[in-house]
Each structure stands twice: as C-alpha cells, then as structure tokens.
Amino acid sequence: MPAITIDDQTIDVPDGSTVLDAANQLGIEIPTLCFLKGYLPSTSCQVCLVRDRANGKLVPSCATKIVDGMQIDSETAEVHAARRTALELLLSDHVGDCLAPCFFACPAHMDIPLMLRQLGGHDLHHAIETIKRDIAIPAVLGRICTKPCEKGCRRSSADDPVSVCELKRYAADQDLAAEQSYTPECAADSGKRVAIIGAGPTGLSAAYYLRQRGHACRLIEATKQLGGRLRLEIDPVTMPRETLDAEIAQIVRLDVDVETETAVDSREAFETLVESYDVVLIAAGMDAVKLADEWSVESSRRGIDITRETYQTKRGNVFAAGSAVRGKCLFVRSAADGKEVAGCIDQFLSGETVTAPAKPFASRLGRLATDEMKQFLAGAASVPVQILTKKEEYSSDQVADQSDRCLSCGCVAHGDCRLENYSARYGADPNRFGTRQGKYEVVGRGGKVLFEPGKCIKCELCIQIASESKNALGLSFVGRGFDVRVSVPFDGNYDEGMGELAARCIAACPTGALYFDRKTE
Ligand code: SF4
Ligand code: SF4
Ligand code: SF4
Ligand code: FES
C-alpha cells in the first residue's frame, strides 16, 4: 500500500486512492465543488487544489492518484490563495443574488423574503419567529418605520415595492392579540449581569437579545414608563399606547429587571453600576452625551465615542449604542443597534474577542435589464400593491396576496451553497475579475424543477446522476464556451430530464442552479 504525507500526517492507503481519499481518512477537510464520491471527477472547479512538494505544482486532489512517498501541503497560504482564485474565476461568470436587496436595505437585516413566504403560506407562527430573530419591536416599528427595506425593494423598479412594513405589522399585531404569543427560548443563566441605562428602542432590543443568551438584564429608565423616545416623540394616534405597552411587556416577561424613575446622572451612580455589573450599556439616547464627563467616557459633538464595529467604549466593560452614539437616527437603526450590541456584549461576557457582526459573503446581481426583471416577475403574483391608511389592516387573504408579490430575490441555496460557503471561508472577491456579463435567467417554469444557468458551474454531476435513470430523458451539455448549459433532449423539461432522480440531482448540485420550485412543492 502506498504511503502519503499530508500536512505532516502520514497514512498508508489502498492502491488507486486519490489525495482526497487519503485526506478524508486523515480527517483533513479539503473543499470540493465538482466532485462526488462514486462519480467521475470532471476537475472543472479546481477548488480542491493542494501542493505536491516533489515538484511544487498545485494539483486537484480529487483526481490525483497517490504515488508512494508523496508529500502534500493542503493548508499553506499559497494553496489558500489558489483556491480563492479558483472560486473567483467561478464567480466571474456567476449570475445570482445570494441575498435579496432588501436584506442589505433593512438596518436590522431581517430575512424579509422568508417572512413573506411564511405569510404567503398563512404560517403566522413561523413568520413572527423570523421577524423577532432580528427585530424585537415589530408592532411598534410597523407603525413608525421609514421603510428603508421598501426603498431597496427590487419590485419598486417594476411597479411598487412589496408592503414589507405593513405585512410585518400584521404578523406582529396578530401575535400580540394571540392567546399565547411568541416567546423566544432563553439560554440557561450565564451568571453574568448587564445594566442597561435607557429603555428606548436600543435598550429594549438589547435586553431582548441579551436575555435570550442567558444574561441577566436590568433596564434603568429615568422616566416613569419604559419606551424612551418611542413614548416621548410618537403621538398616540400613530402608535396606540396599548400596542407599545404590549410589545414592551413581551420583552419584560423574559425576566428583565426594570427600574423606572432612576436617573444615572452622577459619577457615583454610574461607577456603582460599573462595579456591580459585568457590563454597563449606555442606551440613553441623545442626552447621554451630556453625561459623558460624569461617566468618564469619551465623546464628541455627535455622541459617546465607541469603536464603531464593536460598540465598545475605551472603558472596556462599558458599551454604548443607538442615538447615544449616532445622534438622531432612524428608530429601526436604534433597534438594530440594540440587537448588534447584544451580540458584542455576549462575546465580551463569554471571554471572546469582541468583533463586528460578520458581513456575509454575497454574489450580487446589481442593476437588472428589463428582460431580467421579467424573469423575476414571472415567479411572483401580479396583483397590484394595496396601500393601507394608518388605521386599516389587511385581511388574511390580502396578506397572502400581498406577500406573494415578493420576487424572492435571494437564492434558494443561500446558507447551503458550497460555492457561497467556500467563498466566505477563503475571502473570495466576487468582482475580482470584473462585474457580471451573463444574463439572469430561470428555465423550466411550469415544471417542478427550475434551472438557473447563471449559477451552474458545469460540474456535470446532475448529468451523470440523471444518466442512471431508466425512465428519464437524461441531461447533457449543449452550446459552446460561456454559453454551455445543461439541457434536456427533445425539448423536454427538467422534470422529464431527471425523472425519479430529480431529488438526487438537486442534492448533488453544489450551488443553487437546480432546485424544486417552492410554489409547486
Ligand atoms: S448559487 Fe450560491 S453563490 Fe450563487 S447566488 Fe446562490 S447562494 Fe450565492
Ligand atoms: S421583491 Fe421581495 S425579496 Fe426582492 S427586494 Fe422586494 S421584498 Fe425583498
Ligand atoms: S446544474 Fe448540474 S452541472 Fe450545473 S452546477 Fe448543478 S449539478 Fe453541476
Ligand atoms: S476539481 Fe476537484 S472538486 Fe472540483
């Protein structure tokens, strides 16, 4: 049996084994896109490159047979750079949005298309869960938000944006009215305590997400009631107080300690908090800056000084967020700050390095041509937008209709796509070799299986798998150069091409090129 050494670990393997086989046996993970055990390697992706020490060459591990005494490097900077370049070459003619435009437009980065899909399917329970993963006060924001998500909605360039904010409000109102409203799980008590100065949108949101991570929270509010500028700046017609009170109550019932009519306006009061709690969060709004000297934190005209990405002041265990650091800002920005600062405080309390919330890797389509927009519109309901006055509400059927106007812009494979995940891991730049040239296209509408040629990396796996079917028409590549695409003979559709093996073909596809149409599932 030949022996091979990978990253200084040696193993004997059967004759005919590949470098990838040996790496698997050693527990060394090598990324692969176009390879699937049991099928012929097409070596089209080159993401599995490793370095052969004998000649210094980079070789695809999935197709390189072992010779006795082989020495391989799989984790050097050179190998990583080569894998990154391989990914960037694949991305250079990739046509797809990993994440919908509204994800980037919403300061809280809510998964809007998922919420809309759930509402379209009358699944209120999961819709509120999706919303509250990122927004602690959706009934409140549903009434006062300036809707940056709708300004960024792709549909607005065809007719009108999807009514994201009203639909979110509907789900939140239904939840508030329900006998058993949604309550997130809270982790076991961490033994850590956080004092939050200010119970406006930032402080309330921070408490909501910190409690879910198991940290005890005390909300300290100078006025008689919780709510901060939500109560002080918004008139009761725009936001009925019972809605505000009910949504605050949902947060407090996560076992948040509350102390009202307590102003932390002296050095002594602040230092007592710093000594008694593991972290102090300043979420006291724009007035906080006036107390910066008392609290021994640095400030500028705008607000308390922090490291922008981590919300940490120079005092280490003192954090600040919302309009206390930004000056006047959108309510949704304040609420989003509350969620983000909770993540940073959690890292601090867990003894981890405090880092900025991770920026996801994203292939992006950018501006669409008219025919590309038509491809999106073909998959969505054509009903016109229905605009509500402040007092009106959608019926449950209208909610489904309005939700179905969503173009489902993000990729079905997001989160499970190996091209996306490896691109994030190796820091691939999707625009390194220029911006996209290919057209966005969805083929197969009307059938169960849809195919997006611009996301196909031509790995051949679906073709090989479909060829095993006795009944299906099979698949093959047609065209030349950049225009090569997976097609079905005799003008058949993709359902007929893959037959009973469609699910296996889709599972093997390393990207989001091939998938079951959610509307027919
Ligand atoms: S196929 Fe993968 S990389 Fe491409 S858009 Fe979808 S998730 Fe992103
Ligand atoms: S159409 Fe839907 S997924 Fe696309 S940007 Fe608008 S809300 Fe988001
Ligand atoms: S559609 Fe087929 S050839 Fe294209 S990436 Fe998916 S499995 Fe590979
Ligand atoms: S070349 Fe080896 S996995 Fe693609």
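**Ligand shells and domain contacts**

Guide: Ligand 1 is surrounded by His94, Gly96, Asp97, Cys98, Cys411, His414, Cys417, Glu420, Lys455, Thr511 and Gly512, where a surrounding residue has a heavy atom within 4 Å of the ligand. The model is predicted: local features need pLDDT of at least 70, side-chain atom pairs count only at pLDDT 80 or more, and totals for chains, interfaces and linings use all residues. Side-chain values use heavy atoms, with hydrogens and water left out, while residues are numbered from 1 along each chain as its sequence is written, and chains are lettered from A and ligands numbered from 1 in the order in which they are written.

Visitor: How many residues of the shell around ligand 1 are polar?

Guide: The classes are nonpolar (Ala, Val, Leu, Ile, Met, Phe, Trp, Tyr, Cys and Pro), charged (Asp, Glu, Lys and Arg) and polar (the others, Gly among them). In the shell around ligand 1, 3 residues are nonpolar and 3 charged, and the polar ones number 5.

Visitor: Which helix gives the most to the shell around ligand 2?

Guide: Ligand 2 has around it Ala100, Cys102, Ile112, Pro113, Leu116, Cys153, Arg154, Cys406, Leu407 and Cys409. That shell divides into 9 nonpolar, no polar and 1 charged. Helices are DSSP runs of H or I with at least four residues, and strands are runs of E with at least two, numbered from the N terminus. With 3 residues, the element that gives the most to this shell is helix H4 (residues 112-120).

Visitor: How many residues of the shell around ligand 3 are charged?

Guide: The residues around ligand 3 are Phe451, Cys456, Ile457, Lys458, Cys459, Glu460, Cys462, Val486, Cys509, Pro510 and Ala513. Of this shell, 9 are nonpolar and none polar, and the charged residues number 2.

Visitor: What area is buried between domain 2 and domain 3?

Guide: An automatic or database assignment places domain 2 at 101-181 + 365-403 and domain 3 at 193-349. In contact (heavy atoms within 4.5 Å) are 22 residues of domain 2 and 24 residues of domain 3. Buried area is the accessible area (1.4 Å probe) lost when two parts are put together, summed over both. Carbon and sulfur atoms give 65% of the total, which is about 2100 Å².

Visitor: Which residue forms a salt bridge with Asp134?

Guide: A salt bridge is a side-chain nitrogen of Lys or Arg within 4 Å of a carboxyl oxygen of Asp or Glu. Between domain 2 and domain 3 the count is 1. For Asp134 the closest N and O atoms are 2.9 Å apart, and the partner is Lys339.
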